[in-house]
Amino acid sequence: MKLTGFSALFFLLNPALLSAAGAPWFSDMAPALGISSVPCQTPYWADLDGDGWPDAALHRTHGGPGAAVFMNRPSPAGRTFEDVTAPSGINSHPSASTASAPGSFLAFADVDNDGDLDLFRGRYCEFEKPRADPKTGAALRDAAGNIVYERADDGLRSEILLNDGSGRFSFPEVGRATFTPETAVSAAFLDYDNDGVLDLFVGNWYKEYGISFVSYPSRLYRGLGDGRFEDMTSPAGLLTYPSEGKPDSSRPVYGVSHCDWNNDGLQDILVAVYGRQANRLWRNNGDGSFTDMAPETGFDGDGIRHGRYPDWVKRGTEKEWRSHGNTFAAPCADYDNDGDMDAFLGEITHGWAGEASDRSSLLENLGPEKGYSFRRHPDAMPRLHASTTSWNQGDMRAAWLDFDNDGRLDLLLSSGDYPDGQYLRLFRQTRPGRFEDVTGRAGFDWESSAGVSVADYDGDGDLDILAGKSWMRMPADRRHGSFPRAALFRNDIGGRNNWLHVRLEGAGPGGAPRSAIGSRVIVRTRGLTQTREVSSSRGHGSQSDDLRLHFGLGKARLADIEVRWGGKGGRVSRFYGVPANRFVRMAEGAAGPELSPSPAPGF
C-alpha cells in the first residue's frame, strides 16, 4: 500500500497502524508475568537481592504516590515476578508506625559499599508556596495576618533506606541522613571526589510554582559511607540563589544525569532545566568544586533566543533567559563510537511556543579539539504533526540501548501528557549518526508513555523495556483498564547478533565505589570500539537502567575489554579474547573476569 498526503501523515502519527511484514520485534509480557496488577508511571530495573536477575520497582502517582516491588523469579516457563511490596519496606514510615511514607521518585545505589542496592526515596516538599487570591493573585493571610500556605508541612522528608541484601529496606541505625525539605524531583548518585564512596546530587524545582520563577537550589551531598550524607553545595560552588534571570539564580530542575563529559576521569553533572531556562553542565574541577560549562559548550540551549511567539499568539516577547527549553531528560552515551560522551535532550515543546522554545535534540560531543562543546541535531529523530500550529511534544524520558545488538546505540523516546500523538517510539541507528523511526516494526502501541527502564530481564542476551504510562490529559475513551499500568516489552530479535553483558564490582574506599558507578568500559572488536559508563540516573524522576552494561557485537565472536575504574587510583584493567554471548563479571583488582552463559552463576 502506498501512502500519500494526509493518509501517510496519519499513519506516521499512530505507530499501531504502521504494520510491517513479519512478527513485531517486541511483545508485551507484563500481564503474563504478573506486573500489570498495579498502577505505574515510572519503572526502575534494579537487582535488589543480588542474584544477577534485575527486579522491577514500579512507582506510581495515580491514586497518590507509592511504589511496588516485584522480584524476578524462576518459573517453569522461564521467569516470572513475585509481588514483595509489603516485606520490602519500600513505602515504610520513618517512625514505628503502620503508616506509609511513599516517595515522589526513587534512586537505587550502594551507598554503604556492602554489595547491595540501597534506596534514596526522594520527596517533593512544597511547603513554602502561599495560597493565592484567585482574583488578585496576592498571597492569602489568616485573621492573624499570617500567610496561608497551599500545603501544611507533614514532616516527611527525602530519605535514605538501606538494603539488607534480600531486597528489604530499613532506616540506618547510625542516624538518618538529613535532607532539606525542598521540591526534589530527580537525583543522581556519583562519586564526585573519587574517594570510593557514592555522593548524591538532588535536583529541585520551583519554590512557588505559578506565582514566581523563584526556585530552590539543587544540592550536592557528600556520602559518609554509612547511609549518612553532608551538604557540600556551597563548598562545591554549586549554591544558587532565590532570584530570577541571573547567572547565579536557582533554576527549576526536572532531570539530573551524570557522566565524564570531557574525558578527564571525573564525573560531571548534567542538569535538565524546565521553564524555558538554561540547562547547566557542571564541570567537575577535581578539587571538590564545579564550574558551569553549559554556556560555553552549547548545553544550555539552542541559538534561537529572541523569545518571540508566533504572530497569532497574543503573548509578549520573553527575555533571553526565558528563551530556552523545558528539558526533562539528558541521557549520556557515546552514540557515535568516537570515545566521548554525547547526550540527548528530551524537551516539552508546543506549536504555539514558537521557534525560541528548544526542540528535543541529539547533542554530538565534538571532542578535545573543540573543547568538548556540542553540535545540536534537532532533526536527528524526526517528528511529524497533523497541524502546523496546534501540536505538542511531550518528550520527557529517553534512553539509549542497542536493541538489535549490531554495535550501534539506538534511542528510545518516551512521550506523553498530551493527547495528540504522544507514544513510546524507537529510533534505530542505521549508520553512524543516522536514525530511522522503527516504532511500528517494534510493535509498540504505547500511547502517553511515561518512564522507561532497560535491562535483560530474561537472560537471553538482548535488552528488554519496562515502560510506564501516564493518564495526564488523556481523554476517558483512550484510558484502557482501571489504572495506567506498566508494559514489559520483551525483545524478540536481539538474539540475531552476538553480545556481552558486563557487570563491574569496585573495591570501595580507595578504589571505585562497590557498584562501580562512574567507571568506564571500552569493548573492542574488529573495526568497532564501544564505550559505556556505569550510571545511576539519566533524567526526570531519576530514571535509570540495570547497572550491568550491555554491548552488541554484531557478528563478532571475540572482544577485548578495557575497564577504567573510578576512584583516585585510576586503575585500568584489560582482558583480551573474551568470547561473545557471555555474562562477564569483573572485580577491581582481580586477575581476570568471570564468564558465564547465565546472569546468576558466580554473581
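The accessible surface of the chain comes to about 23000 Å². Carbon and sulfur atoms account for 50% of that area. Keep in mind that this is a predicted model.

Now take the chain as a whole. Its C-alpha trace spans about 70 × 65 × 55 Å along the principal axes. Five helices and 38 strands make up its list of helices and strands. The radius of gyration is 23 Å, close to the 25 Å that the globule rule gives for 603 residues, so the chain is as compact as a globular protein of that length. Of the 603 residues, 60% are buried. Contacts also reach along the sequence. Take those between residues at least 6 apart: 57% of them join residues at least 24 apart.

Next, go inside. In soluble globular proteins, nonpolar side chains tend to be buried together. Here the largest nonpolar core has 54 residues. Within this core, F108, F120, F189 and I561 have the most contacts. Strand 6, residues 105-109, supplies the largest share of the core, with five residues.

Charged side chains come next. The structure holds 33 salt bridges. One of them pairs R151 with E126, and the closest N and O atoms are 3.8 Å apart. Both residues sit in the loop between strand 7 and strand 8, so the pair ties together parts that are 25 residues apart in sequence. Strand 7 covers 118-122, while strand 8 covers 159-163. Is E126 buried or exposed? E126 has a relative accessible area of 7%, under the 20% limit, so it counts as buried. R151 has a relative accessible area of 39%, and this makes it partly exposed.

Leave aside the neighbours within four places in sequence, and E126 is in contact with R151, T183, K207 and Y209.

In one, the side chains of R305 and D300 meet, at 3.0 Å from N to O. D300 counts as buried, at 5% relative accessibility. R305 is partly exposed, with a relative accessible area of 27%. In the other, D406 pairs with R408, and the closest N and O atoms are 3.3 Å apart. R408 is partly exposed, with a relative accessible area of 27%. Salt bridges can also share partners. Which residues do such bridges join into one network? They are D193, D195, R222 and E230.

Conventions: Residues are numbered from 1 along each chain as its sequence is written. This is a predicted model: local features need pLDDT of at least 70, side-chain atom pairs count only at pLDDT 80 or more; totals for chains, interfaces and linings use all residues. Side-chain values use heavy atoms; hydrogens and water are left out. A nonpolar core is a set of buried Ala, Val, Leu, Ile, Met, Phe, Trp, Tyr and Cys residues joined through side-chain atoms within 4.5 Å. Buried means under 20% relative accessible area, exposed over 50%, partly exposed in between (1.4 Å probe, protein chains only). Helices (H or I, at least four residues) and strands (E, at least two) are DSSP runs, numbered from the N terminus. Contact means heavy atoms within 4.5 Å. The radius of gyration is taken over C-alpha atoms; the globule rule is 2.2 Å times the number of residues to the power 0.38. Accessible areas come from the Shrake-Rupley method with a 1.4 Å probe; for residues, only the protein chains shown count as cover. A salt bridge is a side-chain nitrogen of Lys or Arg within 4 Å of a carboxyl oxygen of Asp or Glu.
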